[in-house]
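User: I'd like to learn how to read a few features off a model like this one. Could we walk through it together?

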Amino acid sequence: MQFAQKAVIEWKGRLLLIKKSDDDPYQPGRWELPGGRLKSGENPDEALVREVREEVGLDVLPGRPLALWWWRLEDHKTPTVVAVARLCTTSDDNVDMSGNDEEDFIEKYGWFEKDEILDLDLIPDARHAMEAVLAHL
């Protein structure tokens, strides 16, 4: 089993999401929250700060959990991933994707009004978690 965290970053009433590229082998063209998996030896706060900085270039302060879910990739040879979405604060909205790892397959980002998010093509395993996140905001 692995542990992942996703950042719920709100700026002036909008939430930040990232879109997977069409080259992503598992979720091409789908939207999700920025974040990723914990590396060995990291504490959860450090891991979430690192993942957000790598993917969207923002410095965040991790806060309370809003949703919990799990997934397993289609090939079933990979471990189950347990994930938590955490409310995060940031001091600005200047997204910089230049530190993005090509293996993350991130195509672009977007700031969305809360009522727009469930109309996006979200990663299916994360849709219920996104509904819970929106209910808590």
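User: Let's start with helix H3: which exposed residues does the face turned away from its buried side carry?

Analyst: Keep in mind that this is a predicted model. Exposed means over 50% relative accessible area, and on that face of H3 the exposed residues are His-128 and Ala-135.

User: And which residues of H3 are buried?

Analyst: For buried, the cut-off is under 20%. In H3, which spans residues 124–136, that gives Ala-126, Ala-129, Met-130, Val-133 and Leu-134. Looking down the helix axis, you'd find these buried residues within an arc of 145°, so they line one face of H3.

User: What covers the buried residues of H3?

Analyst: The cover includes strands S1 (2–11), S2, S5 (60–71) and S6 (81–90), along with helix H2 (114–117).

User: Next, the nonpolar core. Which residues touch the most other members of the largest one?

Analyst: Think of a core as buried nonpolar residues joined through side-chain atoms within 4.5 Å. The largest one here has 24 residues, and Leu-17, Ile-117 and Met-130 touch the most other members. S1, S2, S5, S6 and H3 each give two or more residues to this core, and H3 gives the most, with five.

User: Which residues is Met-130 in contact with, leaving aside its neighbours within four places in sequence?

Analyst: Met-130 contacts Leu-17, Leu-33, Ile-117, Leu-118 and Leu-122. Apart from this core lies another one, of 14 residues, including Ala-7, Ile-9, Val-49 and Cys-88.

User: How many aromatic pairs are there?

Analyst: Ring centres have to lie within 6.5 Å to pair, and planes over 60 degrees apart count as edge-to-face. The count comes to two pairs. One of them is Trp-31 with Phe-112, at 5.0 Å centre to centre and 85° between the planes, so by that cut-off it's edge-to-face. Trp-31 sits in strand S3 and Phe-112 in strand S7 (residues 106–113), so the pair ties together parts 81 residues apart in sequence.

User: Last one: where is Pro-28 found?

Analyst: Pro-28 is in the loop between strand S2 (14–20) and strand S3 (31–32). With a relative accessible area of 39%, Pro-28 is partly exposed. Not counting residues up to four places away in sequence, Pro-28 touches Lys-20, Ser-21 and Asp-22.

Conventions. Residues numbered from 1 in each chain as written. Predicted model: local features only at pLDDT ≥ 70, side-chain atom pairs only at ≥ 80, totals over all residues. Heavy atoms only, no water. Helix = DSSP H or I, 4+ residues; strand = E, 2+ residues; numbered from the N terminus. Buried < 20%, exposed > 50% of the residue type's maximum accessible area, 1.4 Å probe, protein only. Contact = heavy atoms within 4.5 Å. Arc of directions from axis to C-beta. Phe/Tyr/Trp six-rings, centres within 6.5 Å; stacked < 30°, edge-to-face > 60°.
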